[in-house]
Amino acid sequence: YRPIALNELIHLRHTYPGNQSKLVFGNTRVEFERKYNKINNFRLISITHIKELRELKRTKNSLYIGAGVTFTRLKSQLIQWNNDDSFCQALLDQMKYFASTQIRNVASVGGNIITAAPDSDINPILEAADAILELHRADNEKVRQIHLCDFFLGNSRVSIADNEILVAIHIPFENSSNKYFLRSYKQARRRDDSKGIVSAAFKVELEKIDSIDNQWKIVSAWFSFGGMASKTISAINTQQQLIGLLWTKQTINQTYDMLIKEMPLNELSPGGQYQYRQTLMQSFLFKFYSYVSNELRQSLIDSIDISCRRGVSHGQQTIPERPVTQKIVGSSLSHRSAYLHTTGEAIYIDDMLSHVNTLYAALILSTQANARIKHIDIEQASKVPGFVSFVNYTDVPGSNQLNGMLSDEEVFVSSIALCVGAVIGLVVCESEHAAKLASNLVKVEYDLLLPRIFSIDDAIIHQSYFGDEISLGKGDIDQIFLKAEHILEDTLYIGGQE
Ligand code: FAD
């Protein structure tokens with residue numbers, strides 16, 4: 001389905017609540033779940049065409065971010081809005097290292113919130129900014145508002161009814177004369193396409209109490225973290241204890257311990273690297289303290305200005321001049337496909353139109369090694385709408401043998417699957433989606449055989465050799481070794497085949 005109005009969407013979701021349908025915007029999470037967690041959704045509702053979900057505006061009291069705003073759109077709007085607004089700046093900072101262009105172009109803010117990943121980089125900022133979610137549903141025609149901090153229940157679990165739709169996120173503006181600071185930090189494994197090992201957002205509201213000594217009192221604090229628990233988490237106790245204290249290095253020194261106490265991790269905590277994660281959390285707090293103190297022009301005891309700005313990186317290639325007589329050697333040639341790749345005009349299989357009546361196949365691969373196939377059950381698969389046929393070795397006309405170097409591999413396994421991934425058969429359907437769906441429903445029963453060989457060592461133990469090895473030789477190796485002055489013996493393992 002692709003509804004084009006919010007009331008249509010609400011009605012559809014009400015008709016097909018819970019698992020009976022799946023909302024999809026950018027599909028970056030839904031497809032991941034289909035592919036890796038084998039969660040197949042029979043009824044998809046695309047929500048990309050709903051005006052209210054795509055809106056992005058500044059109202060009198062808040063920022064309105066439609067749940068279907070992509071990160072690319074959000075970023076360009078934030079750049080326009082920025083004007084030293086600390087929320088915009090915190091989000092922009094995080095977006096420098098957020099996913100990749102392709103993902104940011106389609107992934108939505110709402111999709112990130114509903115996914116409720118414990119390591120989301122965006123949710124800590126939204127939580128620190130006290131974001132309020134606006135949810136709509138049909139049965140009571142009511143709009144429900146909930147603070148983001150109350151929305152996350154656990155890993156991938158949120159407080160949403162079976163027929164509810166997240167329509168927008170409201171970021172309230174600050175309305176007192178106090179000073180507010182909000183910053184975000186992230187440490188990831190890579191620059192692109194990598195969520196934070198820990199990501200954090202810190203917000204404080206400070207009131208000036210002494211102009212001569214430049215002293216500031218903490219009125220409120222909000223410290224939120226990704227990667228420190230099974231959900232985005234705020235350090236509620238620490239936040240409470242900070243209220244009324246002075247913004248000083250001493251206060252921050254106490255806060256390091258409070259955070260560790262409030263978010264205890266140990267060697268058994270999911271995600272591992274627990275000491276590193278705790279250190280990251282504390283380091284981020286130190287960065288935040290330094291930033292705020294710099295802004296307040298407070299002197300920083302034992303700290304330096306850590307803000308570091310790097311210019312845009314650039315590169316240059318110098319191609320040396322060649323003598324006129326030398327046409328080919330040393331000349332700079334572009335890759336054959338360079339023009340098409342760099343202009344985006346290269347045509348890949350998925351860009352080509354398929355022919356009328358094209359059928360689609362999906363492979364059934366063995367999940368076991370050295371296993372006799374006992375039974376293949378295609379009953380569930382054959383019920384998928386658009387299912388056409390199941391093909392296996394019995395359908396191969398002529399030889400079922402692949403004519404590789406050793407001719408020891410079959411096109412489709414006829415009896416014993418030698419390795420995980422051996423091709424058992426194909427399901428053929430009218431659409432790619434149906435083929436993928438049906439292939440996941442084919443049930444294969446195996447008899448596991450012995451020995452099961454997974455390494456060279458296993459093979460040696462079980463005397464399992466290829467047999468007629470092809471060997472190339474020159475000279476008398478044994479004689480040479482007898483005369484060698486030094487012999488160094490060791491073993492080298494190489495994972496790849498090549
Ligand atoms: P979809 O996949 O379309 O939907 C996700 C879920 O939300 C589904 O359950 C769907 O039913 C539900 N849903 C969507 N919209 C609504 C709505 N309006 N109301 C109710 N339910 C709804 N995240 C980070 O924080 N940091 C990163 O650096 C990062 N890097 C990534 C890199 C890659 C390669 C990928 C694939 C993801 C990455 N992510 C990262 C996560 C990414 O931001 C989320 O997957 C994305 O925001 C989800 O949005 P979507 O529109 O694609 O959601």
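## Exercises: a helix pair and a pocket

The axes of helix α4 (residues 71-81) and helix α5 (residues 86-95) cross at roughly 135° and come within 10 Å. The model is predicted: local features need pLDDT of at least 70, side-chain atom pairs count only at pLDDT 80 or more, and totals for chains, interfaces and linings use all residues. Residues are numbered from 1 along each chain as its sequence is written, and side-chain values use heavy atoms, without hydrogens and water.

**Exercise 1.** Classify the orientation of α4 and α5 and describe their contact.

*Solution.*
1. Axes are lines fitted to C-alpha atoms, for helices over the stretch in contact, with angles from 0 to 180 degrees between N-to-C directions.
2. Angles under 35 degrees count as roughly parallel, over 145 as roughly antiparallel, 65 to 115 as roughly perpendicular and the rest as oblique; α4 and α5 are therefore oblique to each other.
3. With contact meaning heavy atoms within 4.5 Å, Phe71, Leu74, Lys75, Leu78, Ile79 and Trp81 of α4 meet Cys88, Leu91, Leu92 and Met95 of α5.
4. These contact residues comprise nine nonpolar, no polar and one charged (nonpolar: Ala, Val, Leu, Ile, Met, Phe, Trp, Tyr, Cys and Pro; charged: Asp, Glu, Lys and Arg; polar: the others, Gly among them).

**Exercise 2.** Describe the lining of the second largest pocket by class and by element.

*Solution.*
1. The lining has 22 nonpolar, seven polar and four charged residues.
2. Elements (DSSP runs numbered from the N terminus: helices H or I, at least four residues; strands E, at least two) that give two or more residues to this lining are β18 (409-410), β19 (416-417) and α16 (456-461).
3. The most comes from α16, with three residues.
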